[in-house]
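Dear colleague,

Please find the structure below, followed by an account of what was found in it. I would be grateful if you would read the two side by side.

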There are 2 protein chains.
Amino acid sequence: MEYIQAKEEFIQAWGALGSSWGINKTMAQIFALLIVTPRSMTVEEIMEELSISRGNVSMNLRLLIDWEIVERTTKKGERKDYYYCERDVWALCRKVAEQRKDREIKPVLKVLEQVNNIDTTEGEDAVELKRVTSELIDVVHLTDQALTTFTNSDRSWVSKTILSMMKKKK
Amino acid sequence: MEYIQAKEEFIQAWGALGSSWGINKTMAQIFALLIVTPRSMTVEEIMEELSISRGNVSMNLRLLIDWEIVERTTKKGERKDYYYCERDVWALCRKVAEQRKDREIKPVLKVLEQVNNIDTTEGEDAVELKRVTSELIDVVHLTDQALTTFTNSDRSWVSKTILSMMKKKK
DNA sequence: CACAACTTTCAAACATTTCTGAAAGTATAA
DNA sequence: TTATACTTTCAGAAATGTTTGAAAGTTGTG
């Protein structure tokens with residue numbers, strides 16, 4: 001496969017993956033482009049490569065910076081900004097996991113805990129609602145712990161651990 | 001908190017969570033309603049509770065059935081269908097994880113593997129593209145293995161395992 | 001068969017999200 | 001200070017995704 005074509009496919013696939021996980025397509029594509037390009041890029045270059053407007057690039061870069069996935073740098077003597085993305089996939093996973101935990105898991109957990117305080121003398125349905133929310137709270141906590149453990153360890157430890165889990169699995 | 005209000009909040013929160021993870025809001029809400037109601041429901045009841053049209057309920061129930069999360073049943077002597085949802089949260093997680101693996105992870109993995117076959121004599125950028133896709137393939141495989149292991153084990157084993165991992169963590 | 005009870009489909013309406021581009025804003029250099 | 005080189009913002013346009021409702025389809029019953 002040719003480089004140009006491979007890069008194009010990668011960016012498209014990443015955009016599609018983003019979409020189906022609730023991340024805006026352009027944000028995912030800019031991310032893909034930056035991670036694949038072994039040097040910082042300017043807004044101009046990104047516009048060019050993805051055929052999108054300046055405003056769109058600017059907004060999505062800001063989102064990526066908010067997610068702590070992309071950094072802005074400058075070169076002395078030049079006015080324009082350069083954008084740079086962490087290129088260690090493992091480190092990126094950690095950052096994405098942390099951000100999504102904060103942005104989407106925490107608020108839901110809050111609601112679940114509120115709902116879980118329901119008065120169960122109101123009947124069978126109230127009891128069931130409480131049971132379901134309790135179970136969900138448990139699962140969310142468990143997932144959170146697993147994610148925290150994994151993303152704070154190094155890749156080789158995680159590999160080993162998962163492998164041994166698969167063997168010992170009940 | 002009152003039952004009616006708690007249920008409402010739960011359904012709304014679940015819909016919002018669905019949206020931010022790429023699942024249509026109504027589908028997520030019907031799911032929430034079914035999981036919280038300890039008996040099968042008819043299309044009529046769902047329409048009523050969520051204030052949505054018959055067509056919308058019908059389409060989203062079909063999606064939930066495709067996801068193998070909801071089942072259709074009938075009662076003898078009655079013509080209408082009843083819809084029923086697995087109420088074991090752990091079992092549901094397994095199903096959702098499996099479906100999303102098939103629908104979104106597998107296709108991306110395929111593209112990544114294709115892109116990873118790139119000819120690296122085309123220069124520095126091609127080498128970097130290959131490195132990134134290799135790392136991603138690794139991470140995706142690892143995630144897949146972890147998910148498979150967890151979702152095929154019982155909850156108490158998973159709890160114990162994660163707890164001990166957190167302690168031993170490098 | 002005809003009818004009744006129900007479900008599904010799908011074109012059009014509606015809602016939401018995303019994108020553009022021009023104007024406003026900011027920073028640096030001279 | 002003014003000019004220049006850039007970035008950001010945001011109202012409206014475009015694209016995309018969702019919902020409705022009425023018609024068509026299906027199934028069971030007499």
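The contact between the two protein chains takes 52 residues from chain B and 52 residues from chain A; two residues are in contact if their C-beta atoms, placed from the backbone, lie within 7 Å. On the side of chain B that touches chain A, helix 1 (3-20), helix 2, helix 5 (89-115), helix 6 (124-151) and helix 7 (155-168) of chain B each supply at least two residues. Helices here are DSSP runs (H or I, at least four residues), as strands are (E, at least two), numbered from the N terminus. Helix 6 of chain B provides the largest share of that side, 14 residues. Sorted by class, the side of chain B that touches chain A holds 29 nonpolar, 12 polar and 11 charged residues. In this scheme Ala, Val, Leu, Ile, Met, Phe, Trp, Tyr, Cys and Pro count as nonpolar, Asp, Glu, Lys and Arg as charged, and the others, Gly among them, as polar.

Please note that this is a predicted model, in which local features need pLDDT of at least 70 and side-chain atom pairs count only at pLDDT 80 or more, while totals for chains, interfaces and linings use all residues. Residues are numbered from 1 along each chain as its sequence is written, and chains are lettered from A and ligands numbered from 1 in the order in which they are written.

How are the two chains related? Chain B is superposed on chain A by a rotation of 180 degrees with 0.0 Å of shift along its axis (RMSD 0.1 Å), which is the relation of a two-fold axis. The superposition is by least squares on the C-alpha atoms of residues with pLDDT of at least 70 in both copies. The same surface serves both copies, as 100% of the contact residues of chain B recur in chain A. Of the residues of chain B, Gly22(B) comes closest to the rotation axis, at 2.1 Å (C-alpha).

Next come some of the helix pairs. Two packed helices are described by the angle between their axes and the distance between the axes. Axes are lines fitted to C-alpha atoms, for helices over the stretch in contact, and angles run from 0 to 180 degrees between N-to-C directions. Angles under 35 degrees count as roughly parallel, over 145 as roughly antiparallel, 65 to 115 as roughly perpendicular and the rest as oblique.

Between the chains, helix 1 (residues 3-20) of chain A packs with helix 5 of chain B at an angle of about 165 degrees, with their axes 10 Å apart. That makes helix 1 of chain A roughly antiparallel to helix 5 of chain B. The contact involves residues including Phe10(A) and Leu17(A) of helix 1 of chain A, and Val108(B) and Val111(B) of helix 5 of chain B. Its residues divide into seven nonpolar, two polar and two charged.

Within chain A, helix 2 and helix 4 pack at an angle of about 75 degrees, with their axes 9 Å apart; helix 2 of chain A and helix 4 of chain A are therefore roughly perpendicular to each other. Among the residues in this contact are Ile30(A) and Phe31(A) of helix 2 of chain A, and Leu61(A) and Leu64(A) of helix 4 of chain A. By class, this contact has seven nonpolar, three polar and no charged residues.

A residue is near a strand if its C-beta atom, placed from the backbone, lies within 6 Å of it. Around DNA strand D there are 21 residues, of which Gly55(A), Lys80(A), Ser53(B), Gly55(B) and Asn56(B) come nearest. Two or more residues each come from helix 4 (54-66) of chain A and from helix 2 (25-36) and helix 4 (54-66) of chain B. Helix 4 of chain A gives the most to this surface, with six residues.

DNA strand C is also surrounded by 21 residues, the closest being Ser53(A), Gly55(A), Asn56(A), Gly55(B) and Lys80(B). Here the largest share, six residues, comes from helix 4 of chain B. The surface near DNA strand C has four nonpolar, eight polar and nine charged residues.

Yours sincerely
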